[in-house]
Amino acid sequence: MGTKTVGIEPILERVRAASPDADVDLLRRAYDFAARGHRGQERISGEPYLSHPIAVAEIVLDLRMDVASIAAALLHDVVEDTHASLEEVKEAFGSEIGDLVDGLTKISKLPFGTRQEHQAENLRKMVLAMSKDIRVILIKLADRLHNMRTLEPLREEKRRLIARETLDLYAPIAHRLGIHWMKAEFEDLALRHLEREVYQDLAARIAKKRREREKDINEVVGILQQKLTEVGIRTQIAGRPKHFFSIYKKMRDQQKDFDEIYDLTAVRVITESVRDCYGSLGVIHSLWKPIPGRFKDFIAMPKSNMYQSLHTTVIGPIGEPVEIQIRTQEMHKTAEEGIAAHWVYKEGKAALDQGDKGFAWIRQLLEWQRDLKDSREFLETVKVDLFPDEVYVFTPNGDVKSFPKGACPIDFAFGVHTDIGLRCVGARANGRLVPLRYELQHGDIIEILTDSKHHPSRDWLKLVKTSRARGRIKQWIKNEEKVRSISLGKDLLEKELRRLGKSPAQVLKPEAMAKVLTGSGYATPDDFFETVGFGKLSPRQAISKLLPVEELSHEGEAKPERKIRQESDEGVALMGAHDFLIRFARCCNPLPGDEIVGFITRGRGVSVHAADCSNLDQLLYDPDRKINVSWDAAPKASHQVKIRVMIGKDRPGILAAISTAISSTKTNIAQADIRVTEDRRGLNTFTLEVSDLKQLQSAMRAIRQIDGVMGVERLRG
């Protein structure tokens, strides 16, 4: 929890102990500057605001960072939340600390259409800052960690919003940077606020079961310590409790009850050398039978976040699975501290080393923020790449490449080179032909077959998992769509002009159009044709821009375009457009209260999607197809939405309790699909009729409070 003290002395003592020559006077000055700026400010909890930067500085210390980083942590909110300016910070503490503070200052004064756009632009700024100085992201993670530790005083809606963002963005970033302990704490704290009842129930059951298994784990540790000592391998061995979220995720993903989860504790073996790691593995497998398919060698093939260890799961002395991790001291330090340990190892060098594999992901982030101009696409691209359950494959030359689980040969092709990806027609895995939808497996040797006349298909977007492949395919499709749209737009305008008795050759001459379109937002006639071909401008509206009103016949008269707000019977308003058919996308089934995005389709009007729709990433390969949409003030109709209710153990009366809970929120059940598995667990789907998101959330909260309900989730589509 947050610290009660607002003094600087405990930090100074820790700094002196770690580095006697450190510039503690700099830290004292930074503390005094922050104290003056935050004087009189309080957090929602009632604590002095200064307690927050002090706590962030302590977490930065836990990451073993330098004095400049600690000073920046103390000052990270002064530009945003006090009267101090960035220039004053730079003048008082120099450009190094000033640039760190600037990188940590959120973008808060610019207007954004949605919360996602705001989040994306903040992330863009952070990426740019950390490309110059890796310390920015580490301090930012420390800032978010203390905020997560002190969420309790906030209202529930705000807590859930911050917890969800942490789970979606900050925990995966910590994982990508290899800071395991921080990732685990982010996930556990997020679970606590997103699924409070589940978290509390899990905490009680884990505590009880761990006490029961402590004796068994101690027996494993004792036997292993004795055997390794006998063969001359010096080690440190201990049990390591798994964090709550990893247990919750296993229960959810594998549809298991808590009593079916055995590996609540892993055994960690730390050796003095890589040779001893493999020697220890041999001893372990001679003692207990390994479970097939559960051995992973991350020493020979490290993860992209620099993690290295041997993982094996064996049937222990009492007949239950025991997971064992084996690593050296150096590997252990990297596993716990990740890029923070790496940065310290580089003796304080903060800038990116272009040849260092540890920074490869940050360089990729920098490339995306340059290439992807649409905020939502950038954010979604980053999120997709933050969840890589990795698979390691080989090129024909023996080079190792890592890809997310589920990646296909197209991902591999683009991973080698963009031109190979664009011309990919097939692939061989381990010498045999495989389809492009084939999922890459650990150890595959992949060879790509190409054809210079072949081009990507939009269907590829359904297959690929990597952001690089997705981005390159979208870019190619967008370019092709542009060529087609220009041609179609020109054809439509020529047809409309002939209907009006005008000469297309005269009206559409480049020099004639240039005079008319100057200042209209169209750089070239092709841009104008493209807009018509896309369907964003009707031929009639386009002609009205090219011809004087008096030259338009009464029959074909096209009224000048006006910025208007079109309201529909569906309760959705379009800005800057009219005469569009509006329909809701079935793939995500948006409700009033959801963030929504409009997408112009050819011949079918505007399709309205939820902003987090999984299909939107494929549709919005061209941001120009987006149109601003919003919900009307008052809901105009009821909407049907499906939810899934997971029950730990089916019991008499639980369905009646669920039905009563739903009815208590004045929500109607339109349909129910009740299913009980062989082990008496329930997996039930309900179709509810609700007016908006608020009513749905109220019904889901009521269901979560029922004893025996393990989880409730909204189903899309």
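## Residue T531

T531 sits in helix α24, which spans residues 525-534. This is a predicted model. With a relative accessibility of 17%, T531 counts as buried, because the cut-off is under 20%.

S485 is 46 residues away along the chain. In space, the two C-alpha atoms are 7.6 Å apart.

## The chain as a whole

The protein chain holds 28 helices and 21 strands. It has 717 residues, and 51% of them are buried. The accessible surface is about 34400 Å². Carbon and sulfur atoms account for 49% of that surface.

Contacts can also be sorted by sequence separation. Take those between residues at least 6 apart in sequence: 66% of them join residues at least 24 apart.

T687 belongs to strand β20, residues 682-690. Its relative accessible area is 7%, so T687 is buried. What does T687 touch, leaving aside residues up to four places away in sequence? The list is Q640, V641, K642, N668, I669, A670 and Q671. Of these, N668, I669 and A670 fall within strand β19, which covers 668-673.

L177 is in a loop, between α10 (156-176) and α11 (180-194). Is L177 buried or exposed? At a relative accessible area of 3%, L177 is buried. L177 and S304 are 127 residues apart along the chain, yet their C-alpha atoms are separated by 8.9 Å.

## Helix pair α2 and α6

Helix α2 covers residues 24-37, and helix α6 covers residues 86-93. Their axes come within 11 Å. They cross at roughly 155 degrees. That angle is over 145, so α2 runs roughly antiparallel to α6. The crossing of α2 past α6 is right-handed.

Which residues make the contact? From α2 come L26, R29, A30 and F33. From α6 come E88, V89, A92 and F93. Six of the contact residues are nonpolar, two are charged and none is polar.

## Helix pair α12 and α14

Helix α12 (residues 196-230) packs against helix α14 (residues 274-287) at an angle of about 125 degrees. The axes are 10 Å apart. The two helices are therefore oblique to each other. Here too α12 passes α14 in a right-handed crossing.

The α12 side supplies I223, L224, K227 and L228. The α14 side supplies S280, V283, I284 and L287. This contact divides into six nonpolar residues, one polar and one charged.

## Positive phi in two loops

N430 is not a glycine, yet its phi is positive, at about 55 degrees. N430 lies in the loop that links β8 (424-429) and β9 (432-434). How accessible is N430? Its relative accessibility is 48%, so N430 counts as partly exposed.

K666 is not a glycine either, and its positive phi is about 60 degrees. Its loop runs between α27 (654-663) and β19 (668-673). K666 has a relative accessible area of 77%, which is over the 50% cut-off, so K666 is exposed.

Note on methods
Residues are numbered from 1 along each chain as its sequence is written. This is a predicted model: local features need pLDDT of at least 70, side-chain atom pairs count only at pLDDT 80 or more; totals for chains, interfaces and linings use all residues. Side-chain values use heavy atoms; hydrogens and water are left out. Helices (H or I, at least four residues) and strands (E, at least two) are DSSP runs, numbered from the N terminus. Buried means under 20% relative accessible area, exposed over 50%, partly exposed in between (1.4 Å probe, protein chains only). Contact means heavy atoms within 4.5 Å. Accessible areas come from the Shrake-Rupley method with a 1.4 Å probe; for residues, only the protein chains shown count as cover. Axes are lines fitted to C-alpha atoms, for helices over the stretch in contact, and angles run from 0 to 180 degrees between N-to-C directions. Angles under 35 degrees count as roughly parallel, over 145 as roughly antiparallel, 65 to 115 as roughly perpendicular and the rest as oblique. A crossing is left-handed if the near helix is turned anticlockwise from the far one by less than a right angle, and right-handed if clockwise. Ala, Val, Leu, Ile, Met, Phe, Trp, Tyr, Cys and Pro count as nonpolar, Asp, Glu, Lys and Arg as charged, and the others, Gly among them, as polar.
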